[in-house]
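Subject: Structure handover

Hello,

Here is the structure I said I would pass on. My notes on it follow below the display.

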Amino acid sequence: MTLESRIKRIDIFKIVPESFKEASIFGIAFSAFFILLTSALLLNELATFISPRIESQLMVDHLKDDKDLTVVLDIMFPAYPCSMLSLDKMDVLHSHIMDVSENLKKYRVTDHQFVIGVQEPLENKNFTARVDIIKEQVAAREGCNLVGNFTIKMVPGNFHISFHNYGSEFQYLMRNGIYLPDLSHRIRRLSFGDVDYYNQNRIVKDFGLSTLHTLNDARQDRLKERYGFPHGVTNEIRIVPSRFEYSPSEVYELYQYTTTTKATPTRNVAVFFQFDIENFYMHFKKVESSFSHFCIQCMAILGGFYTLTLVLKLFFEEGVMNTVFKRRIGKLE
């Protein structure tokens, strides 16, 4: 026996000679299974590589008290005239500003909610002239659409929509039975921050959020018996500052919030937005997958499945095919 023959005797992974190998239905099915499953895993890895993952962390906001926050508001009052509508804001620092104008406009609307003009300021008119304007709008069954933005301090407080800046006119109309206040309303939009509507929707989609807000298009005008005179309504809002980072040069600051709405059982007819701003913020970041990691994962999938199929193939050959091969050459007789 030659040296080569002695060395070959210690081979524990003996291979079936090529001349005895042949294709089989089992082999074809096994190969197809391997190709399909490997392709599916590779495509899944490619999709993961193309779609960056989102990382989030909770951080404390130490600079909150030094900032102003923009409130974007679009609210419709179908049965309340603009000439007696006032938006006021108040906070825990006891600053109370009535009939805020800033970037707000009051659009006069018909009872079918068609815009017929912008309400002009009434500060320069006397009491009688203001009452006459209010009477005309009440008689015409006008409503009001309050649209625009204003700023609030980032401390707990509220802003509310009422008649407070026109208290004398309100009392006169009430005493003479000219008008019974109806603050039924629909909130078309309420958002916080300076990010425009397009980018807000893009962020909701890109970062997998269901929504940023819960008060958009709130149809509260269906509950007149609760939200008309003599009751008001309070929307309790919890605001969570959020930072969305696409890249170091593209960062957006938005403010997610949740609300609880309830009737206010007092004679203080107003729509209140009572807000509280959290002392932390959520930081969301899009992280791009590296190409090297993608390559390593693909090689791991290919190598792992090849090794698995090779082991199964050897097991099948040793347990079944090797027996068939021995029978063919007469070693089992």
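Accessible areas here come from the Shrake-Rupley method with a 1.4 Å probe, and for residues only the protein chains shown count as cover. On that basis the accessible surface of the chain is about 19900 Å², with 58% of it belonging to carbon and sulfur atoms.

This is a predicted model, in which local features need pLDDT of at least 70 and side-chain atom pairs count only at pLDDT 80 or more, while totals for chains, interfaces and linings use all residues. Residues are numbered from 1 along each chain as its sequence is written, and side-chain values use heavy atoms, with hydrogens and water left out.

Confidence

pLDDT is the predictor's confidence in each residue, on a scale from 0 to 100. Its mean over the chain is 77, and 71% of the residues reach 70 or more. Helices (H or I, at least four residues) and strands (E, at least two) are DSSP runs numbered from the N terminus. Over residues 219–228 pLDDT stays under 50, and the model has 28 contacts (heavy atoms within 4.5 Å) beyond four places in sequence for them. Where pLDDT is low, the predicted coordinates should not be read in detail.

Overall make-up

The chain holds 7 helices and 14 strands. It has 333 residues, of which 38% count as buried; buried means under 20% relative accessible area, exposed over 50%, and partly exposed in between, with a 1.4 Å probe and protein chains only. Of the contacts with a separation of 6 or more, 82% are between residues 24 or more positions apart.

Strand β3 and its partners

Strand β3 (residues 86–91) has 5 of its 6 residues buried, so it is largely enclosed by the rest of the structure. Two strands pair if DSSP finds at least two bridges between them. β3 runs antiparallel to strand β8 (residues 157–162), joined to it by 6 bridges, and D91 has G157 as its bridge partner there. β3 also pairs with strand β4 (residues 96–97), again in the antiparallel sense, over 2 bridges, with K89 opposite I97. The hairpin of β3 and β4 has 4 residues between the strands, and H94 in it has a positive phi near 65°.

Which residues here have a positive phi without being glycine? One is D99, with phi near 50°, and another is E102, at about 40°. D99 counts as buried at 13% relative accessibility, whereas E102, at 39%, counts as partly exposed.

Residue F77

F77 is in strand β2 (residues 68–77) and is buried, at 0% relative accessibility. Beyond its neighbours within four places in sequence, its contacts are L85, G143, C144, I161, L183, S184, H185 and V271. F77 and V109 are 32 residues apart along the chain, and their C-alpha atoms are separated by 8.9 Å.

Helix α4

In helix α4 (residues 167–175) the buried residues are E169, F170 and L173. Seen down the axis of α4, they fall within an arc of 100° (taken from the directions from the helix axis to the C-beta atoms), so they line one face of the helix. These buried residues pack against α3 (127–139). After α4 comes G177, with a positive phi near 65°.

Regards
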